[in-house]
Amino acid sequence: MSFRDIVLGSHVFIPSRVDYKNAILRSQLAIITFLVAICYVFIDIYYGINGNEPYYLAVAMLALVTVILNRFRQYRLATVVFLLSINFFIFYFSVIDPFGSGVFMLFAVCSLMAFALLGFRHRRFAFAFIGLSVALFLISYWVDFDVIQKRTYTREYLQFSYTVNFLVTLACSIAIMYFLMDLHYHSQKSMAEKNDQLQKANTELDRFVYSASHDLRAPLSSLLGLIEVAKLDHECVDRYLDMLKA
């Protein structure tokens, strides 16, 4: 069974290439999120850090919900659930983690996700999610939340966490850019093919017009000849008219 069959279903047909690639990208990003959340559970266990496990598992569950909604063709709902959950969980970890962990970089990925998953047709919705990411970043950076307990990490943990967050940001960005490049390439290819077909159709039309004009020239000449003869021989006009009709 292929990745496409797993995330979309073996009997699901999506006629639009854009919608199809969009559904694949949504599942890819959700699966990356799921794997990163599970990875952080083991990282925290290894470094002896407690308290974040429920949040990691919640992120993993919402990523699975996104994949399930995507499989049942609830594409808009899957996108909204995914973007909202990712933004607010990144916000939470930005508040409790020092900026040395690099988790804030994921806000940039969320903005790219909004553009890629919602597309130009829903660009206002996409800009709204981008605004949400920017607002949450600024709040997490400038506002001091005394009610939320900050956590203290070792330098080694922060280095490892920063590396993971950078790689996740890079992987998601590459996936999104590849998605956009693929759409652009096939759009250009489709346009070139249509231009070739149009050029061939114009060539065939020119040939038809030339052939038709050539085929009509002989009978039209005969008609013109009979008309001239009829003008000279008025007594046999009816005979010439019958010849014209024939």
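Which helix gives the most to the lining of the largest pocket? Helix α2 does, with five residues. A helix here is a DSSP run of H or I with at least four residues, numbered from the N terminus. A pocket is found on a 1 Å grid over the protein atoms alone, as an open set of points with protein on both sides within 12 Å along at least five of seven lines. Lining residues have an atom within 4 Å of a point.

Before I go on: this is a predicted model, so local features need pLDDT of at least 70 and side-chain atom pairs count only at pLDDT 80 or more, while totals for chains, interfaces and linings use all residues. Residues are numbered from 1 along each chain as its sequence is written, and side-chain values use heavy atoms, without hydrogens and water.

Back to the pocket. About 400 Å³ of space lies in the largest one. That volume is the space filled by probe spheres set on the grid points, which are joined across faces, edges and corners. There are 20 lining residues, and D19, N22, L117, L118 and R121 are the closest to the centre of the largest pocket. At least two lining residues come from each of α2, α4, α5 and α7. By class, the lining has eleven nonpolar, five polar and four charged residues. Nonpolar covers Ala, Val, Leu, Ile, Met, Phe, Trp, Tyr, Cys and Pro; charged covers Asp, Glu, Lys and Arg; the others, Gly among them, are polar.

Next, the inside. How many cavities of 30 Å³ or more does a search of the whole structure find? One. A cavity is a set of grid points where a 1.4 Å probe fits but cannot get out. The largest cavity holds about 370 Å³ of space. It is lined by 22 residues, and V36, Y40, I90, L106 and N165 are the closest to its centre. The helices α2, α3 (53-71), α4 (75-96), α5 and α7 (155-232) each supply at least two residues of this lining. The lining of the largest cavity has 18 nonpolar residues, three polar ones and one charged.

Now, how do the helices pack? Two packed helices are described by the angle between their axes and the distance between the axes. Axes are lines fitted to C-alpha atoms, for helices over the stretch in contact, and angles run from 0 to 180 degrees between N-to-C directions.

Take α2 (residues 17-46) and α5 (residues 106-118). Their axes come within 9 Å and cross at roughly 150°. That makes α2 roughly antiparallel to α5; the label applies to angles over 145 degrees. On the α2 side, the contact uses N22, L25, R26 and L29, and on the α5 side M113, A116 and L117. Contact means heavy atoms within 4.5 Å. The classes are five nonpolar, one polar and one charged.

From α4, the contact includes F82, I86 and F91, and from α5 it includes L106, C110 and L118. This contact has twelve nonpolar and three polar residues, and no charged ones.

Last, a few single residues. F125 sits in helix α6, which spans residues 123-142. Buried means under 20%, exposed over 50%, and partly exposed in between, with a 1.4 Å probe and protein chains only. Leaving aside neighbours within four places in sequence, F125 is in contact with R76, V80 and L118.

L138 is also in α6. Its relative accessible area is 40%, so L138 is partly exposed.

R151 lies in the loop between α6 and α7. At 24% relative accessibility, R151 is partly exposed. Not counting residues up to four places away in sequence, R151 touches N50, G51, N52, Y92, I96 and P98.

And R73? That one is in the loop between α3 and α4. Phi of R73 is near 65°, a positive value in a residue other than glycine. R73 counts as partly exposed, at 43% relative accessibility.

Conventions:
Parallel < 35°, antiparallel > 145°, perpendicular 65-115°, else oblique.
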